[in-house]
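Hi there,

Here is the structure I promised to pass on. My notes follow below it, and I hope they are handy when you open the model.

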Amino acid sequence: MTQSPQSICALVAALVVLAVAAPARAQDLVQPSAVQLQLNDQGYQAFVDEDWERAIRLYQALLDLGPLNTAYASLGYALFKAGRCEEARAAYDLAETAPKVVDPPP
């Protein structure tokens, strides 16, 4: 039985959320900068507004300042919602190895 690309993306998204939520060692934890937190808040608002392209731009800008696991996961989800599944998969893969945020924002 063949699965649809969207169901595959949904499965990958669920796996990444589990990987991002996995416990990290203290030395692997990072604190986002104030600018990264501000961009995250704006990206979250874009999610609420279902403005996926804006969310993608904001999370990419956030990641330009430094890699964060939560930002890659959020970028992946926005890409998934925008129908860009291959790019979403790449972002989810990066979320698995990126520095983990100390106290992840919503």
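**Helix H2 and its neighbours**

The axes of H2 and H3 come within 8 Å and cross at roughly 165 degrees (axes are lines fitted to C-alpha atoms over the stretch in contact, with angles from 0 to 180 degrees between N-to-C directions). That makes H2 roughly antiparallel to H3, a label for angles over 145 degrees. On the H2 side, the contact (heavy atoms within 4.5 Å) includes Leu39, Gly43 and Phe47, and on the H3 side Ala55, Leu58 and Leu62 are among the residues involved.

A word on the source: this is a predicted model, where local features need pLDDT of at least 70 and side-chain atom pairs count only at pLDDT 80 or more, while totals for chains, interfaces and linings use all residues. Residues are numbered from 1 along each chain as its sequence is written, and side-chain values use heavy atoms, leaving out hydrogens and water.

Helices here are DSSP runs (H or I) of at least four residues, numbered from the N terminus. H2 itself covers residues 34-48. Its buried residues (under 20% relative accessible area, 1.4 Å probe, protein chains only) are Gln36, Leu39, Asn40, Gly43, Ala46 and Phe47. They cover an arc of only 115 degrees around the axis, so they sit on the same side of H2; the arc is taken from the directions from the helix axis to the C-beta atoms. These buried residues pack against H3 (52-64) and H4 (69-81).

One more spot to look at is glutamate 50, in the loop between H2 and H3. Its phi is positive, about 55 degrees, although it is not a glycine.

Best wishes

Key
Helices (H or I, at least four residues) and strands (E, at least two) are DSSP runs, numbered from the N terminus. The expected span of a helix is 1.5 Å times one less than its number of residues. Buried means under 20% relative accessible area, exposed over 50%, partly exposed in between (1.4 Å probe, protein chains only). Angles under 35 degrees count as roughly parallel, over 145 as roughly antiparallel, 65 to 115 as roughly perpendicular and the rest as oblique.
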